[in-house]
Amino acid sequence: MTPADPAAARLISVNLGIARPLLASGRRVLSAIGKEPVAGPVAVARLGLAGDEQADLSVHGGLDKAVYGYPSEHLAFWQTKRLEHSVSLWDEVLPSGLVGENLSLQGLLEAQVWVGDELHFPGCVLRVTAPREPCYKFNAVMGYPQAARDMMLAGCCGFYLAVKQGGTIEAGQYGTLVPGQRGLSIAEAFQARRIKHLR
């Protein structure tokens, strides 16, 4: 794909979550990482999706991390990893929202997305801002302590989005990726952050 070629992503589901207790690294913390698909149109405002919460605003949420998009193609990788660590059965289907994503997308991987690109949906416009960096809460959700490290090694991070034009969004829609300046891809930005996580 060249910078002039638009790409389309299918929105598999829109996922929302509220902050609730999570047992992570032996302690109980608040987290909204567990998100679940919802039906129908969802309002999109500058700080994210209506009905969605973030527990730790120092690393999630805000204007630049209002929405989190994740390629659904990576779920097969996590299914395999969970099986290797004996936390699930092979035939267990991993649900949308499991990794904390608001938007479960199909057809748009990290190497195809650049900081500054825009995703144009029928009812809103979102701007790509940064890759997601996993934390200890992600380990708890995945069920084994090396999950965050596996994300760093595999590069299957997804990406944060700012809301350029609010409105609504709904599962089943398609988003067109409109290229920005194309200075840094999400895959490259994530690669640059791996060092601090893999020490």
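Q: Leaving aside neighbours within four places in sequence, what is L30 in contact with?
A: L30 is in contact with A19, R20, P21, A55 and K137. Keep in mind that this is a predicted model.

Q: Which strand is L30 in?
A: Strand β3, which covers residues 27-31.

Q: Is L30 buried, exposed or partly exposed?
A: Partly exposed, because its relative accessibility is 49%. The cut-offs matter here: buried means under 20%, and exposed means over 50%.

Q: Where does A111 sit relative to L30?
A: The C-alpha atoms of L30 and A111 are separated by 32 Å. Along the chain, these two residues are 81 apart.

Q: Let's zoom out. How many helices and strands are there?
A: The protein has four helices and 13 strands.

Q: How compact is the protein?
A: As compact as a globular protein of its length, because its radius of gyration is 16 Å and the globule rule gives 16 Å for 199 residues.

Q: And what box do the C-alpha atoms fill?
A: Roughly 45 × 35 × 35 Å, taken along the principal axes.

Q: How much of the protein is buried?
A: Buried residues make up 46% of the 199 residues.

Q: Which contacts join residues at least 24 apart?
A: Take the contacts between residues at least 6 apart in sequence. Of these, 76% join residues at least 24 apart.

Q: New topic: how many disulfides are there?
A: Zero, in a search of the whole structure.

Q: Is C156 buried or exposed?
A: C156 is buried, with a relative accessible area of 3%. C124 counts as buried too, at 1% relative accessibility.

Q: Which residues are buried in helix α3?
A: A147, A148, D150, M151 and M152 are buried there. The helix spans residues 147-154.

Q: What follows α3?
A: G155 does. Its phi is positive, near 75 degrees.

Q: Last one: how many positive and negative side chains are there?
A: There are 19 positive and 18 negative side chains. The centres of the two sets lie 7 Å apart.

How values were computed: Residues are numbered from 1 along each chain as its sequence is written. This is a predicted model: local features need pLDDT of at least 70, side-chain atom pairs count only at pLDDT 80 or more; totals for chains, interfaces and linings use all residues. Side-chain values use heavy atoms; hydrogens and water are left out. A disulfide is a pair of cysteine sulfur atoms within 2.5 Å. Buried means under 20% relative accessible area, exposed over 50%, partly exposed in between (1.4 Å probe, protein chains only). Helices (H or I, at least four residues) and strands (E, at least two) are DSSP runs, numbered from the N terminus. The radius of gyration is taken over C-alpha atoms; the globule rule is 2.2 Å times the number of residues to the power 0.38. Contact means heavy atoms within 4.5 Å. Lys and Arg count as positive and Asp and Glu as negative; His and the chain ends are not counted. The place of a charge is taken as NZ of Lys, CZ of Arg, CG of Asp or CD of Glu.
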